[in-house]
Amino acid sequence: MTTIRRTTRTTIASALLALLFPLAASAATTWYVAPTGSDTAAGTMAAPFATWGRAQTAAAAGDTVYFRAGRYLYTTATNTCGGSTTATVDAVVLSKSGTSGNMINYWAYPGETPVFDFSGITGSNYNCRHSSVRVEGSYLYLKGLEITGTLQLNTDNHESWGVYITGGNNNKFELINSHHNMGPGFFLQTGGNNTFLNCDSHENEDTMTSNGDGQSADGFGCHPNKAGNTGNIFHGCRAWWNSDDGWDFINATEACTVEYSWAWYGGYKPDAISGGNPVSLAAGNGNGFKGGGYGDPATNVPANPPIHVVQYNASFYNKANGVYANHGPVNVIFYNNTSYNNGVDFDMLGLIGTTDSSVGLLRNNLAFGKTLTSDFGNPGPIDDKFNSWDSSTGVTVSAADFQSVSFSPPASCPAAYSAGGTVCVLPTDTTSFAGMASARQADGSLPVLPFLHLAAGSDLIDKGTDVGLPFVGKAPDLGAFEYGATGGSPGTGGTTGTGGTPATGGTTGTGGTPATGGTTGAAGKGGTSGASGTGGAKGGTSGTGTGGASGGTSGTGGTTATGTGGSGTSGASGGSSGTGTGGSGVSETGGTSGTGTGGSSAGTGGNGAGGSSETGTGGSGTGGAAETDSSSGCSCQTGPAGGGNFAGFTLLSLLGLTALRSRKRAR
Amino acid sequence: MRAAHKILASAVLLALGAGGVCLLGARQTPIPAERASATPAALPAIALGKGEAARVSKLELTSPDLEVRMEKRGAGWELTAPIVTEASSAKVVQAIQNLETLHLWKQLDPGTSYYDQYDLTADKALHIVAWKGADKVIDLFCGKGSSDGQLVRLPDREGMFALINWGPQGYAGFLFTGDLRSWRETSIFNFAPEEVVGVEITNPKGGITFAKIDGRWLATRTKPKPDGQLGRATPWSGFDATKIETLLRDYRALAAEDFGDGVTRAEAGIDEAERSGGVIRIRLKGGAVLTLRVGKVANNRTRWAIKDGRWAAKDGGGTLYAIAPWPAAWAIADAHTFE
């Protein structure tokens, strides 16, 4: 009896506690998905789910879903074409949202590569457009996933889509590798504040198309179609061997930004090499960075078009143009881009009304090889200064200005292009494409290679003009890869960043001269709040170390961003000094260069909303992801009491209490 | 000549020179740093005061596509137009908080002549109205986006203005858009599994009751009689307790895939869920009971319902949800599912 009383008191106490304190929100949960899993399993490490959709159903804001390695072959979509050859079916629809402080994470399990292969969605039910990963939700964080095999099954449409954003905001896509899709690897249609960080999109081709083989498979498409779809940014991404363009911003209602990214082999048939050369596709546009333009100048052009930002990018060996204004009506910002050996390196053909024009705000750009510029002489607002071709800079560009301009494709590919096909150049191949398609650094940033980096003594160094972004030396260099480290004494860490105006990114870190090595640089003092960010390039490696640096993306949160110090590595040869890191929506001057061999760490601003704290870290760290914004989550649901027949429950309670009493008595 | 007048004059001249095409957007756009320092003091401050977002009691958004109204109800928000249902409090709060950051930085035109061109007329604009009680604290017409920022007009002052929409202190237009579905609360349940003391499932296959007593799950089963009524509950020990934990993980943050607007409860099989699907009741410490009635399969009735998902409704709630097949499967499960 005593035991019963004690138990009863405990129950009552529990009930009172439950009444006194609102139910706590569910704690963050980790879910697991594996190709060998089951959707009727528990979603644990030991009993993983089988599909993304199942995991989404289980996940709540703040949860993390880990995808284990292997091939996730999709053979069905969430809907059917309904008899229409132009309808759209979706394989994965991410419609559940996280919150500003609690994103839903869909991540590759550490050290593993999950491959989502959509090439099995065939048959008459799916004879229309395909969207492999449609993103409708917000505050989602996708990381480390491989997307491939998106199909076209008829020729009634322009393209299908690999990753297709049709409404999500404040999402982050990091290290997503989208390839061998019959349409763009990434296509943003609607949404704002989406960040694409260190993503790759390659070997995509719309072979079954209504407008010519290859004309619609861009690496990355940014085409926000609603007023207010601001803040979309691509940083540290690569696009290669896509049948259309690397980046395409056509028909955008709001501005997009692409920075610190590379594009090559646009306009060629993926995985096809003939006589040591890529195979041209007649319909593939073949531009590296296409900044703007509208499909129909008579009806589609907004009255006050957005100004895209294209800065610190490298574009090379694209069939048509390296950097292209694409009949845009306004001066898109082109800062510090390197364009090499494209059909034309910089083509600023604009269109105002129905009149060919020249447009573009160009500063500190570098062109080399083949035809440097085109369409700069038409009437129009083009503003062109401090670029390598401008006489005012007084420079002459030659191969000697670069550490390397050697570039060649692979001798052959293991297979011709096919949806879901085989990657031609493996990450371990540091020879083909000058290594530009090789493995990223440990923190996900782009590999550091000599290709197109300025050589010591180049007269392109410090020949640019200050455009409000960090640089090393007396003035910014020309091109995408800033030079200017001086080897020698131990590096001193960066200083605390200071907040300022909306940032558009930091400048590239500087490549070090192979020189005398320094010792470890001290990390910079962290600043205070900023929006989410992830680390930029790890700099300061031995040899020709280059500091990466990254710009911030706009956020609505943070104030002072953080400077990050370079953490140099000691070595026989000098590293490079780090440069400022981008803030998260605020400019900063943090992370000033060390005088020695500091590497650089670059936090890139995330798409934070709300105040947040972030402290940059020296070296190659990833920036803090802290990002808070007060938003009320789902309230705890208490529901109506009763309503059911709880005879069984009563019976169980009695059974339980009896059992307890028996155990107590037995002691 | 004021800066705004200069801009307008330039625009007119350019337009004349280019065949009448409006070239407001063709002038060079200032870089962000220039934008940030170009705020004329004469422009009205229109933002909510800092901290005022929490006091907003109603938000109305009217656009050509949709007219929605959200009103505060206790700690949460209710959608009161075009339908009455629970609103996504997270989304509403985030939008309202953004109203604290509104900042006009430029007047592009002093009159009304550009309203139509830039979608600032009442029939084209997104009209944002926020209320604090009976006081209108935000009243703003948003038109097209532009290289100068978000174009807006005010109800009580002529002119076209630009609103900062970049950087950390800007208007985030994407927070105010979205279809009706996006403004609705999709969360059905939100509880901590450790708060659960009992689970009961009733469906045509019988009844199963689990009770957690002193950290241990116990169960009874009830088989249906030939007349369809449930028989006597009997103790049952042949179940796997981890299955109950899995069920609770599925239900702790249960969310709708879509909503069954236009579908009746009868069509959805909600009222007779014990026969057409199943009923699941989750008992929490303190006596609260969460009840979900799971009805018929919802295939082909909504764009977003997952194949083989089912209709569902909470007891006491009028909203009809489409839920995914996996959580629905627990409600229609038989004892073998838990073995």
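In the predicted model, H180(A) is buried, with 28 other C-beta atoms within 10 Å. This count places H180(A) in the buried class because the cut-off is 20 or more such atoms. Although H180(A) is not glycine, its phi is positive, near 50°.

Chain A as a whole contains 38 strands and 3 helices. Of its 667 residues, 66% are buried. Among contacts in chain A with a separation of 6 or more, 75% are made by residues 24 or more positions apart.

In chain B, 9 strands form an open sheet with antiparallel pairing. The strand order across this sheet is β4-β3-β2-β1-β6-β7-β8-β9-β5. Its edges are formed by β4 (85–86) and β5 (104–109) of chain B, each of which pairs on one side only. In general, the strands of a sheet pair through backbone hydrogen bonds, in either a parallel or an antiparallel manner. Within the sheet of chain B, β7 (residues 135–146) and β8 (residues 149–154) run antiparallel and are joined by 4 bridges. At this pairing, S146(B) is positioned opposite G149(B) of β8(B).

A cis peptide bond connects A81(B) to P82(B), with omega near 5°. P82(B) is located in the loop that connects β3 (76–81) with β4 of chain B. The latter strand, β4 (85–86), is an edge strand of the chain B sheet.

Helix α5 of chain B spans residues 241–251. Its buried residues are I244(B), T246(B), L247(B), L248(B), D250(B) and Y251(B). In an α-helix, residues three or four places apart point the same way, because each turn has 3.6 residues. The buried residues of α5(B) are covered by elements of both chains, including α2 (52–58) of chain A. From chain B, the cover includes the strands β10 (196–203), β11 (206–213), β12 (216–222) and β15 (278–284), together with helix α8 (325–331).

How values were computed
Residues numbered from 1 in each chain as written. Chains lettered and ligands numbered in written order. Predicted model: local features only at pLDDT ≥ 70, side-chain atom pairs only at ≥ 80, totals over all residues. Helix = DSSP H or I, 4+ residues; strand = E, 2+ residues; numbered from the N terminus. Buried ≥ 20, exposed ≤ 12 C-beta atoms within 10 Å, placed from the backbone. Contact = placed C-beta atoms within 7 Å. Pairing = 2+ DSSP bridges.
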